[in-house]
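Please keep the sequence and the structure in view while reading.

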Amino acid sequence: MELQELVRAALAEDVGSGDATTLATVDAGARARATVTQKAPGVLFGLDAAEATFRQLDDGATFERLSPEGAWQEAGTQVLRLEGSARALLTGERVALNLLQRLSGVATLTARYVEAVQGTGVQILDTRKTTPGLRTLEKAAVRAGGGTNHRTGLYDAILIKENHIAAAGGVQAAIQRARAAYPDLPLEVECRSEAEVDEALGAGAPRLLLDNMPPAQLTAICAHVGDRAVLEASGGITLETVRDHAVEGLDFISVGALTHSAPALDLSLILESLP
């Protein structure tokens, strides 16, 4: 979803027929300044979305970015100063912070995973387990946290999983049909055992998704495959176990939690009236 459209929908959901509290208590011509502060350590991302929120309510609002996106910052860091209609700042506060906190949370969790595998050569990937409507923003947040994007959707890469294999009549049939239909798309096959790995390699799969394998099994499979395919591990890998899974010969670890379970980064907006 395009950013302006997404913000418009979010404001419509929150504001409805009008911000009753602000309309009742704040003069129409009142001006204010506000400062957004990071209240927990992490990686900031989502300032475009926050600014777009306030601009839709006051196209004359001005912004000063006080901290860079994509960098780890400590609690107490001021990140954004804005000035404009007091009504607009108050009405847009929650939507702007919701977006900023959500996206910063994704960037922060990604940065923690990336740090956990530092020095191994393994890259951290996201998945399609994103918030509906926020995929483009959440995948950008993953990049801001140092991660790498997997496929964007079902249209830009082929990932043959066990249900596809069953429906197609086997690994070889699934790969052949995928190659015939979409010869230019990247192709990957999910494998759960060495036998499935060999079957996928024999059918010409250039990339394998090693699903729910413990580190010892991953190590053995990576040694067995060598440079015959690009290798990705996935399935139940947590921040506590990710380094154990980053074994020699593995190229990627994909983590759905980056987007489906990232806790929001705590931020606050404090407003001051202007004369």
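Helix α4 passes helix α5 in a right-handed crossing; a crossing has this hand if the near helix is turned clockwise from the far one by less than a right angle, and is left-handed if anticlockwise. The structure is a predicted model, in which local features need pLDDT of at least 70 and side-chain atom pairs count only at pLDDT 80 or more, while totals for chains, interfaces and linings use all residues. Residues are numbered from 1 along each chain as its sequence is written, and side-chain values use heavy atoms, without hydrogens and water.

**The helix pair**

Two packed helices are described by the angle between their axes and the distance between the axes. For α4 and α5 (residues 135–144), the angle is about 40 degrees and the axes are 7 Å apart. Axes are lines fitted to C-alpha atoms, for helices over the stretch in contact, and angles run from 0 to 180 degrees between N-to-C directions. The two helices α4 and α5 are therefore oblique to each other, since angles under 35 degrees count as roughly parallel, over 145 as roughly antiparallel, 65 to 115 as roughly perpendicular and the rest as oblique. Helices (H or I, at least four residues) and strands (E, at least two) are DSSP runs, numbered from the N terminus.

In this pair, α4 contributes R102, L103, V106, A107 and T110 to the contact, and α5 contributes L137, E138, A141, V142 and A144. Contact means heavy atoms within 4.5 Å.

**The sheet**

Four strands form an open sheet in the order β3-β5-β1-β12, with antiparallel pairing. Strands pair if DSSP finds at least two bridges between them. The edge strands, each pairing on one side only, are β3 (62–65) and β12 (267–273). From one strand to the next, the twist averages 15 degrees.

Strand β5 (residues 78–85) is joined to β3 by four bridges and to β1 by seven. The table lists residues that stand opposite each other.

| Residue | Partner in β5 |
|---|---|
| T62 | E83 |

Helix α3 (residues 47–57) lies across β3, β5 and β12, and runs at about 165 degrees to β3. Helix α4 (residues 86–116) also packs on the sheet, where it touches β1 (31–38), β5 and β12.

**Residue R207**

R207 belongs to strand β9 (residues 207–211). Its side chain makes a polar contact of 3.5 Å with that of E188 and another of 3.2 Å with that of E232. A polar contact is a pair of N or O atoms within 3.5 Å; within protein, one must be able to donate a hydrogen and the other to accept it, and residues adjacent in sequence count only if both atoms are side-chain atoms.
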